[in-house]
Amino acid sequence: MSIEDDLVALFESHGVDVKRAGADKHVRKGWIGILCPYCGDTTAYHMGINVHFLSAHCWRCGGHPLYEVVKALDRGLPWAAFKDLRERRERVSTKFDNTS
């Protein structure tokens, strides 16, 4: 599974509605979209999670640390799982960086 697949599965397993690129006009390639827990977003997926950098940005209210977004969602999402994804991403990035 890709990091994107794992990230989507993690959010969905805790009841967070997620849109992949192309499923909503606000979600582009390399991002997944969720409803922003900060600006009261209830119908559009303004909060984007970058699947490569594991960073969060709302197209209305700006950037937020992913850790804070996870806490604000208040769905019992385990921060350790996000840390594991970040470490996995870093191993993959390092692997490709060292091939030149």
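Here are legends for several close-up views of this predicted model. Residues are numbered from 1 along each chain as its sequence is written, and side-chain values use heavy atoms, with hydrogens and water left out. Because the model is predicted, local features need pLDDT of at least 70 and side-chain atom pairs count only at pLDDT 80 or more, while totals for chains, interfaces and linings use all residues.

**View 1. The largest nonpolar core has 24 residues.** A nonpolar core here is a set of buried Ala, Val, Leu, Ile, Met, Phe, Trp, Tyr and Cys residues joined through side-chain atoms within 4.5 Å. Buried stands for under 20% relative accessible area, exposed for over 50%, and partly exposed for in between (1.4 Å probe, protein chains only). Look for Leu7, Phe11, Ile34 and Ile49, the residues with the most contacts inside this core. Two or more residues each come from helix H1 (3-13), strand E2 (31-34), strand E3 (47-50), strand E4 (55-58), helix H2 (66-73) and helix H3 (79-97). Helices (H or I, at least four residues) and strands (E, at least two) are DSSP runs, numbered from the N terminus. H1 gives the largest share, five residues. In soluble globular proteins, nonpolar side chains tend to be buried together.

**View 2. Helix H1 has its buried residues on one face.** These residues are Ile3, Leu7, Val8, Leu10 and Phe11. Seen down the axis of H1, they fall within an arc of 160°, so they line one face of the helix; the arc is that of the directions from the helix axis to the C-beta atoms. Which residues does Phe11 contact, leaving aside its neighbours within four places in sequence? They are Val16, Val18, Ile32, Ile34, Ile49, Leu73, Leu77 and Phe82, where contact means heavy atoms within 4.5 Å. After H1 comes Gly15, with a positive phi near 80°.

**View 3. Cysteines without a disulfide.** The structure holds zero disulfides, a disulfide being a pair of cysteine sulfur atoms within 2.5 Å. For Cys36, the closest cysteine sulfur is that of Cys58, at 3.7 Å, too far for a bond. Cys58 in turn has the sulfur of Cys61 as its nearest, 3.6 Å away, and is in no disulfide. Cys36 is buried, with a relative accessible area of 3%, and Cys58 is buried too, at 1%.

**View 4. Tyr45, in the loop between E2 and E3.** Beyond four places in sequence, the contacts of Tyr45 include Lys19, His26, Ile34 and Trp59.

**View 5. Trp31 and Trp59 form an aromatic pair.** A search of the whole structure finds one such pair. Rings of Phe, Tyr and Trp (its six-membered ring) pair if their centres lie within 6.5 Å; planes under 30 degrees apart count as stacked, over 60 as edge-to-face and the rest as tilted. Trp31 and Trp59 are edge-to-face, 5.3 Å centre to centre with 65° between the planes. Trp31 lies in strand E2 and Trp59 in the loop between E4 and strand E5 (62-64), so the pair ties together parts that are 28 residues apart in sequence. Trp59 is partly exposed, at 44% relative accessibility.
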